[in-house]
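Subject: Structure for your review, with notes

Dear colleague,

I am handing over the structure below, together with notes on what was found in it. Please read the notes with the model open beside them.

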Amino acid sequence: MDNLNQKSLKKRVIHSGMFSIAGHVISQGIRLGGNLISTRLLMPEMFGVMAIANIFFIGITMFSDLGIRQNIVQSSRGDDPIFLNSAWSLQIIRGVLLGVIVLLLSAVLYFAGQSGWLPKDSVYANKLLPLIIAVLSLTPLIGGLESTKMATARRHLAIGYVTVVDVFSQAAGPVVIIAWCYFDRSVWALVAGWFAVSLTRMILSHLVLPGINNKLGWDRTSLKELYGFGKWIFLSSILGFLLTNGDRLIFGAYLNASQLGIYSIAFLMVSAIEGLLRKLIGNISFPALSEIYRKEPERFSKSYYRFRLPIDLLSLFLVGMVFSGGQAIIDLLYDYRFRDAGWMLEILVVSLFFSRYEVAGICYLVLGKPKLLTIINLLRVFGVYVFVPIALENFGLEWAIWVVAANYLIALPVMFYFNSVNGLFSFKNEVKVLPVLLFGFIFGHFLSYALGELLILIKNTENLSQFII
């Protein structure tokens with residue numbers, strides 16, 4: 001791989017982009033299809049309870065993130081079997097420790113509920129929540145056993161293999177959920193789906209991808225490098241969890257399970273789009289920019305906006321489109337119980353305006369300056385945990401969601417300063433893409449009208465069918 005020329009890098013970037021987009025569309029199509037079916041089989045409050053359980057699990061995972069995958073992609077030793085086996089061994093140990101921590105957390109939550117320390121009508125007081133978290137304590141071990149071949153494939157932009165694993169593991173979730181609901185329509189169907197995704201991903205990572213077969217190893221030099229890079233990733237991941245899940249953590253104390261379940265539907269729609277942007281950034285921009293910096297560091301600054309341009313165009317168009325057409329999308333896809341997710345979606349999608357700046361965070365990692373990303377995330381966390389509760393208490397849920405969607409504004413001036421210092425800022429490039437927002441808004445307006453007409457047609461057809469019967 002090291003002997004590939006620049007032309008081959010460009011070709012790999014294009015191929016990886018195609019695979020990433022196709023894989024994400026297929027995966028999210030499967031996820032959305034499963035969600036549409038499961039929302040008709042299960043009650044809204046079940047999604048609210050599972051949303052909080054997922055946040056607890058993801059939180060513990062991110063609170064112990066050592067940046068192993070990012071280090072394999074970025075490091076000059078990323079293809080060394082000794083380095084990879086040391087990373088895999090460290091990953092397994094981390095998985096075991098995480099499982100124990102999650103189990104202890106479930107016990108603490110149980111006793112807090114029994115002692116009346118939790119808000120009575122909140123999601124946290126749900127009697128099933130501690131047991132669900134306890135069962136999920138097995139999944140960190142499954143994740144720890146995932147092969148380093150996944151990170152190696154990303155390092156070399158061999159995204160086709162990663163896409164296969166992602167699609168098949170994502171498909172396992174809805175299949176298991178629907179099958180479980182045939183026998184038992186309870187929240188345990190969602191728990192089983194979570195297990196199915198994790199287990200399938202781990203197995204396929206060993207069987208499908210090329211690369212070395214992992215075995216236990218313990219090399220001090222490798223571990224020293226993993227620690228040196230990972231300590232800032234560790235802190236940044238903690239802040240990242242508090243940031244990306246802060247809305248539901250806070251709302252969980254103010255809303256009941258049904259309300260949070262409705263909000264989680266809007267969040268699911270936005271996160272599906274955001275997931276595509278992050279996939280493009282993580283699977284393409286990070287390894288490609290890392291390779292450019294290793295081989296031709298003088299080209300790095302110019303490459304920043306080249307990699308950001310397609311992300312800018314896609315994210316800005318989607319912001320405009322969903323902002324004007326989000327309610328129609330929800331009305332078409334979900335039944336009346338979830339209608340409030342429409343206006344929530346139209347506000348939340350504003351957050352995608354700022355998602356494109358994650359390419360800058362990737363550049364900080366490539367430059368060996370993860371501290372800058374940590375500062376950005378620290379400012380954003382402050383904004384969420386200070387201003388969202390204030391908005392809830394004084395202005396209501398709608399304004400609180402606006403704070404969630406626009407929280408990046410508090411860190412934007414600092415990010416522009418960091419970019420300028422590192423040769424990554426151009427006012428012209430920042431401004432010239434903004435008209436795409438208007439095109440997206442106009443398209444969303446026509447989309448909203450078309451979906452409204454389609455919904456009327458569907459309802460008329462249903463009424464006619466009932467009349468004939």
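Predicted model: local features only at pLDDT ≥ 70, side-chain atom pairs only at ≥ 80, totals over all residues.

Residues are numbered from 1 along each chain as its sequence is written, and side-chain values use heavy atoms, with hydrogens and water left out.

Salt bridges

A search of the whole structure finds 15 salt bridges, a salt bridge being a side-chain nitrogen of Lys or Arg within 4 Å of a carboxyl oxygen of Asp or Glu. Arg 308, Asp 312, Arg 356 and Glu 430 are linked by such bridges in a network. Helices here are DSSP runs (H or I, at least four residues), numbered from the N terminus.

Asp 312 also meets Arg 356 in a salt bridge, at 3.2 Å from N to O. Because Asp 312 lies in helix α13 and Arg 356 in the loop between α15 and α16 (358-366), this pair ties together parts that are 44 residues apart in sequence. These three residues are buried (under 20% relative accessible area, where over 50% is exposed and anything in between is partly exposed, with a 1.4 Å probe and protein chains only): the relative accessibility is 0% for Arg 308, 2% for Asp 312 and 0% for Arg 356.

A further salt bridge joins Arg 278 to Glu 274, with 3.5 Å between the closest N and O atoms. The two residues are four apart in helix α12, so about one helical turn separates them. Here Arg 278 is partly exposed, with a relative accessible area of 36%, whereas Glu 274 counts as buried at 16%.

In helix α18 (residues 397-405), the buried residues are Ala 400, Ile 401, Val 404 and Ala 405. Seen down the axis of α18, these residues fall within an arc of 140°, so they line one face of the helix; the arc is that of the directions from the helix axis to the C-beta atoms. Their cover includes α11 (246-254), α12 (257-295), α14 (341-348), α15 (352-355) and α17 (370-394), where contact means heavy atoms within 4.5 Å.

Helix α11 is itself mostly covered, with seven of its nine residues buried, namely Gly 246, Asp 247, Arg 248, Leu 249, Ile 250, Phe 251 and Gly 252.

Leu 268 lies in helix α12 and is buried, with a relative accessible area of 11%. Not counting residues up to four places away in sequence, Leu 268 touches Arg 31, Asn 35 and Tyr 334.

Ser 303 is in helix α13 and is buried at a relative accessible area of 2%. Its side chain reaches the backbone oxygen of Arg 299 at 2.8 Å, and Ser 303 touches Leu 289 and Ile 292, again leaving out residues up to four places away in sequence.

Ile 72 is found in helix α3 (residues 68-74) and counts as buried at 1% relative accessibility. Neighbours within four places in sequence aside, Ile 72 is in contact with Gly 78, Phe 83, Leu 84, Ala 87, Thr 148, Ala 151, Thr 152 and Arg 155.

A nonpolar surface patch

Tyr 161, Val 164, Phe 168, Leu 199, Ile 203, Leu 207 and Val 208 make a nonpolar surface patch of about 630 Å². Patches are made of residues with over 30% relative accessible area and no salt bridge, with like charges joined within 9 Å and nonpolar side chains (Val, Leu, Ile, Met, Phe, Trp, Tyr) within 5 Å; accessible areas come from the Shrake-Rupley method with a 1.4 Å probe, and for residues only the protein chains shown count as cover. Helices α8 (159-183) and α9 (188-207) each supply at least two residues of this patch. Tyr 161, which lies in α8, counts as partly exposed at 39% relative accessibility.

With best regards

Terms used
Polar contact = N/O pair within 3.5 Å; in protein donor to acceptor, adjacent residues only side chain to side chain.
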